[in-house]
Amino acid sequence: MPSPQPPRAVFAMDPVHLPLLFPPPLMDRLRRTADIDPAFVVRDFADPAVADALASAEVLITGWGCPPLDGGVLAATPGLRAVLHAAGSVRSLVGEALWKQGVTVSSAVTGNALPVAEYTLAMILLAGKDAFGHRERYRRTHAQPTPAETAATGNLGRRVGVVGASRVGRRLLELLRPFDLTVLLHDPYVSPAEAAALGAEPLPLEELLRRSDIVTLHAPDTPETHHMLDRARLAFVRDGGVLINTARGALVDHEALTDELVSGRLCAVLDVTEPEPLPAGSPLYRLPNVFLTPHIAGSLGNELERLGAIVAEELERLAEGLPPRHEVRYADLTRVA
């Protein structure tokens, strides 16, 4: 049965994100659902000034900048029932103690997947037209390209290899459907029938790398996927192939990738790197065959409101005694971001 009293909720994140995550209509929605102070945001769970608020908290609404939720936080919040995360992955946020205590954890990662997939789609189409290469040559020559220079470009039948049928990967597969592309997929957890339903041909990783013109990474960062594209596997990618990484920099052996890019054999669109940011002297900042962006594919600006709306709905469901729509389960952490 739903509680007769609204749940007591507390924000825990960097306050700079709060106005974009919860603009006035969404903040009003939260306040109609829960007992929450919109001006009170926890940055440090050990701060004595927040002890009373935490002691009565049933729900933590977390976001970027929230400190790790460890055993100390659990001791400070004896009535904690749920963590509603207004961002993506909770892997590094939620500690073992909270999982063992059975605290419900929900994440807005589904909402964050959409802008990443949109960004990736844009990069695939631009890469297929060699837009980045043409931009560099145009800057240098101020001349229109010749037919010979454009003969190998275009998106008709371009082979796109998607590594990982994650939330982002699946959304990207949906977005790719209207285009005349050949879509390949590697994901060890996806059956051939499911891959076909997603509109892709399932392949082992090495075969996907060999056959793809463009490879885009959407696997989670786990011990099994760490440096999954090492020097040997990068060598499978055809000359002139494009690697897009909007997932995690640790999926790729950075030293090996740098060598391939410095040689000019491969091109890359990198929104994430290892480390992040790259050192000031990294050649990737200057290479004409690298399009480098500062981790912007995920939710930014007005896109953050989508994440806040997911949290608002989750809070309403919690107040009504309903299960969350976007629950994260501990058993799934080995497979998801």
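Reader: What amount of space lies in the second largest pocket?

Author: About 510 Å³, a volume being the space filled by probe spheres set on grid points joined across faces, edges and corners. The model is predicted, with local features needing pLDDT of at least 70 and side-chain atom pairs pLDDT 80 or more, while totals for chains, interfaces and linings use all residues. Residues are numbered from 1 along each chain as its sequence is written, and side-chain values use heavy atoms, without hydrogens and water.

Reader: What makes a residue part of the lining of the second largest pocket, and which ones lie nearest its centre?

Author: A pocket is an open set of points on a 1 Å grid over the protein atoms alone, where a 1.4 Å probe fits, with protein on both sides within 12 Å along at least five of seven lines; a lining residue has an atom within 4 Å of a point. Here 25 residues line the pocket, and Asp130, Gly133, Arg137, Gly240 and Cys267 lie nearest its centre. The lining divides into 12 nonpolar, five polar and eight charged residues, where Asp, Glu, Lys and Arg are charged, Ala, Val, Leu, Ile, Met, Phe, Trp, Tyr, Cys and Pro nonpolar, and the others, Gly among them, polar.

Reader: Why is Glu207 called partly exposed?

Author: Buried means under 20% relative accessible area, exposed over 50%, and partly exposed in between (1.4 Å probe, protein chains only). Glu207 has 29%, so it counts as partly exposed. Its place is helix α11.

Reader: And which class does His142 belong to, buried or exposed?

Author: His142 is exposed, because its relative accessible area is 66%. This residue lies in the loop between α7 and α8.

Reader: Why are β2 and β5 said to stand at the edges of their sheet?

Author: The sheet is open, with five strands in the order β2-β1-β3-β4-β5 and parallel pairing. Strands β2 and β5 each have a single partner strand, so one side of each is left without a neighbour in the sheet.

Reader: How do you know that β3 and β4 pair, and what is the bridge partner of Ile61?

Author: Pairing needs at least two bridges found by DSSP. Strands β3 and β4 have four, in the parallel sense, so they meet the definition. The partner of Ile61 is Leu84. From β3, Val59 and Ile61 point one way and Leu60 and Thr62 the other, and all are buried.

Reader: What makes a set of residues a nonpolar core, and which members of the largest one touch the most others?

Author: The members are buried Ala, Val, Leu, Ile, Met, Phe, Trp, Tyr and Cys residues joined through side-chain atoms within 4.5 Å. The largest core has 29 residues, of which Ile124, Val162, Leu176 and Leu185 touch the most other members. Helix α6 supplies its largest share, eight residues.

Definitions and conventions: Helices (H or I, at least four residues) and strands (E, at least two) are DSSP runs, numbered from the N terminus.
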